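Here's a quick briefing to read with the model open beside you. Take a look at the structure first, then work through the points below.

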Amino acid sequence: MREKGLTRRQLLKWMGVGLGALYGGRCAINLLTPQLPETLVEIPDEPEGRDTMFYRKVGKEQVVCEVCFRRCRLSDGQTGFCRNRVNRSGKLVSIVYGLPAAVHVDPIEKEPQYHFLPGTQILCMGTAGCNFRCQFCQNWRLSQRSLEEMAMVYDWPPETVLQEAQSRSVPSISFTYNEPTTFYEYMYDCAELMHQAGINTIFHTNGSMNREALETLLPYVSSVTVDLKGFTESFYDKLCHAELEPVLKSLQVIKRAGVWLEIVNLVIPDRNDDPNTVRDMSEWLVANLGADTPLHFSRFFPQYRLTELPPTPVTTLERCRDMAMQAGLHYVSIGNVPGHEYNSTFCPRCEERLVERYHFNVHRVWVEEGRCPFCGREIAGVWTM
Amino acid sequence: MSVLRPGDRWSVDDVNRSRQFVAITGVAGGLGFVGQMVLARETVALFRGNELVLGLFFGTWLLVEAVGALAGGRVPLNHRAPLVYTLLLAANAVGLLAGVGLLVLIGTVMGTVETYGVLTVFLVSLAAVFPLSISHGALYTVGCRVHHVWSADVPAESAAVVYRAETVGTLVGGLVSSLLLWRWMLSVTAALWVALALFLVLLWVQRLALHRVQPAHLALGMITWILFLAMVQPLGASLQNTVLEWRWESAVESFDQTIFGDLLVLKQNQQTTIYYNSEFAAVYPDWDSIWSQELVYLSLGVHPHPNSVLLLSGGLGGVLEELDSVSLAVMDYVELDPVIFSALPQRPENTELIPGDARRYVFRSEKTYDVIIMGAVDTTSFQVNRMFTREFFAAAAERLGKNGVLVFSTPGSDVYPGKTLLEWNRTVFHTAGEIFPHVEAVPGDRTLFFCSQRPIHALSDHELLSRRWEALGVQPPLLSEGYLKQRLALHRMAWFAELIEDRPRLGINTDMRPTAVYYGLMNWSAMFSPPMEALLHRGAGWGQWLAGSALLLFAALIAWLSTRRPQLSVHWAIGTSGLYGMCLDLLLLFWFQIVSGVLYAGMGLLTALFMAGTALGTSWSEKTMKDARSCWRCLLGGDAAAIAIALSLIAVGSSMSAITTDAAAFLLFGTLCLLAGGIVGWQYPVAAALQIRIARERSVSGSVYSSDLIGGWAGAVIGPLLLFPLFGFPATLGFLVLVKLTSTMILLVNRQVFCDLPGN
């Protein structure tokens, strides 16, 4: 029977020929693959990166990253939880340095920043990676991916960021979209450069940065938006794989540094909308950050992995706002409900409308020299450049 | 009880008993099929109506059924076989109830799981189908043994008789599920009915096994039947409501199940939320106003004088309300599932509500419109993707007037779209570009596409937009000058246009090659199973090569091994027939859905016709089986027929998309399913007979059946997940031709072995 069939040698020969032909065909197709548009660059195979500022060596080649609460302990070649910081032979390197994947000009209200130069435009940037794993992340395509998974990146070292900001005539730049703690050194270098050039630096964070890193950065920063995603450890643990305590500490550090601070709380039905929790959160904010700290309650819409939940009822958001106001906060707004009355800012004393907003658009600002024109009360915030 | 052997003397009772048993296997097969359809529908609904899940479901079903068939083959050929059969019927009934219960339960706790990927779909399918399909698989092989014990037939004949009876039962089950299920009863109720019927069949088997009528059994059967008649309908509804109330904490306002999908309405904190197929669909009264105003007023603003507007699905959640508030001469809204209309908070005053398939409406209608707006967004399912193909865009272009504009959207991002979304948007953009010379894309969380035969100026001229809105008597409050400046920023549109201007890697999206489904699938994986996304990205480049080379290498290996073990060639022939049959059945099902817009109702009938074809093929081939050589010729004939059908379908190709009547669609696709099933059925008994001759075994039904099922499993998994979206239908058919060619070649290589077998 053997002489009728193929021999082992013949089989291997034909397999080899077949695979060779397939590989050749594939290479020919690769030559015809479309190239990236000129404004974007290919993802480098091994990005040069920049040495990070906060880490310590443990033993010969291990390092512990000290930029965020996680304190990832990394062996040679390992990447941190954030996907952005790599141990290269005992040096911790930020591989996304100067390689933002998203760059846009947005209204500052989109941050949200309602009391910092309302109605102005900001140059926004974000890279790949994040040190949280929020199930409801709006920018998950960016934050829950690594640099090599990006479709494109911009080659924008800090000097280019300055040039771009100046050419677009924006008064501020912002590090947003993903968690800037994970590209700390890029943000730091840019912020220092912007400070020298008289351009404001803003960043939108989950508040997980360690104290030393935060205190080093804040002198060059004009304003910060912090996502206070919930007010229980279990919420942070289950929905974000993170911790609440470091966030609360960061809020206090920012406040003490005198940098303008606004807080966002995304209200998710059945997850963090318990009235007692909202009351506790509001009271903590008043006690620790002061009544003038703006708080934004934002409406949740089904997103990313949390698509089964309904959108937040507007009545729930209104109830949250009432509770926060009762707790003593002066500036509580409702976001992601376009056209809602509390998109706008009101004077805490005379209750007159001070900034008329429709979604992200500022229609009119009545505040004059930081005061309510109707009753003269001082309105916390940064109102002029 | 003694075992009858060929040649033993038979009594009339024995003949009657074996005949009755054949009927029992048919009824059990039919009930099992209805149960399978119920589970399939619940699984699809659980995973948000994505019919690609069907492949994994059927694949899992076949895999477990194969295990059951193998296990059943180990039951000894003696008087215990009927008892085992009885126990399996009980397990079938309990298994169905457990499966449906589990799916409903998973649906209720999914809110806390909040993540699912391909692995989850597989595991959920496995858990849900396991109790029913394993007992269903074992029922066949044990049924063959019971029939052999109770008749004078040889094992191969028993296998063929039971197989035929089961498939005839399946045909009836398919008709029942297509005509009755979800039109008259909820899935839970249907499962209760099937379980009850299985218990009655169980009593029937017991009666046959004991050789006399047991009055107690009959009485018990009658009482149970009457009790269930009175209770089953309200019991099913009550169970369904209890589970929903538990999941949603008493917020459930209504739940409807139709042949198109499930509609759930919740009311909580003065907010009404609507879910369709477990997916969030709309919210009232505070809907996503930005989205609805953008879609409606930008669509109206890009036309110089919009008088007639057609809205194709997606009217819930503000879009219809906004459109209805504008004074238009003609405003038509087409929605597939009429239950959606019932979910509208109030009936629109100026809009004509048209129940029916939006695609077919566009193909059939004679009316022309100034603006056509499509509400559907996500092309992950074939059902939606058929509204984003070149064929559909061409039909829509015919329905547009002189300055007509087609407006639709796809998932997007105004921050960073990522590889998958970029390719997805690119695909849709270039597909529309094949028909419309002017296509403008506005990036955002949903990318808005505006397509026309003439240039669209208004998107870059905000004053023009405002003037047109003024002429219409509308002033959309959210679309202020500042907002438009941001949303329609020229630099942002240019940035996005630059990103999507390259040709898509997989080519444009057509009915026959639904590439956008592949990107939808990839996006789904990106959210829930990132490694799968990476794999699919690689698949987009390597998939065809890999599948083709893997097939050829594997076939070469089988060819080589079969020179030593010739029975492998039979297993390969029957395994590839299983793969061919399942792939073709699913392909025809999805193709039918593209043409008709119906899935659940078609699924039952077409699958049943496929099974009917199997039964016919089985009977026909039994008549032609004479010796080993004729069996071998039959196998080759089956392969030739399979290749001929696939080649004819490639030749007919996209012209089938032009079918616009239900009757023609059912007739054509029903016939094709019948033919495809006929090939599998034709080859099965001859393969079994050949195997007996080669292996010189008395009973081989289990091993041949398992090869058939394993082939079917492979077809079910790779068909919907890889071949259809990545290859497209014609290339998938080409792949199936290749598959059957390998089988033919291997059979030819072993020609001498079959010709030399004893009995020729």
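This is a predicted model: local features need pLDDT of at least 70, side-chain atom pairs count only at pLDDT 80 or more; totals for chains, interfaces and linings use all residues.

Residues are numbered from 1 along each chain as its sequence is written, chains are lettered from A and ligands numbered from 1 in the order in which they are written, and side-chain values use heavy atoms, with hydrogens and water left out.

**Helix α15 of chain B**
- The helix covers residues 462–472, and B:L464, B:L465, B:R468, B:W469 and B:L472 are buried in it; helices here are DSSP runs (H or I, at least four residues) and strands are runs of E (at least two), numbered from the N terminus.
- Just after α15(B), B:G473 takes a positive phi of about 80°.

**Where chains A and B meet**
- Chain B puts 63 residues into the contact and chain A 66.
- About 5,500 Å² is buried between them, 57% of it from carbon and sulfur atoms; that is the accessible area (1.4 Å probe) the two parts lose on being put together, summed over both.
- Three salt bridges cross the interface, each a side-chain nitrogen of Lys or Arg within 4 Å of a carboxyl oxygen of Asp or Glu.
- One of them pairs B:E533 with A:R145, with the closest N and O atoms 3.2 Å apart.
- Helix α19 (residues 530–562) of chain B gives the most to the chain B side, with 10 residues.

**Salt bridges within the chains**
- Over all chains, the structure holds 24 salt bridges.
- A:R50 and A:D189 meet at 2.9 Å, N to O, linking strand β1 (residues 50–51) to helix α4 (residues 184–197) of chain A across 139 residues.
- A:R50 is partly exposed at 25% relative accessible area, whereas A:D189 is buried at 16%.
- B:D262 pairs with B:R41 at 2.7 Å between the closest N and O atoms, and the two are 221 residues apart.
- B:D262 counts as buried at 9% relative accessibility, and B:R41 does too at 0%.

Key: Contact means heavy atoms within 4.5 Å. Buried means under 20% relative accessible area, exposed over 50%, partly exposed in between (1.4 Å probe, protein chains only).
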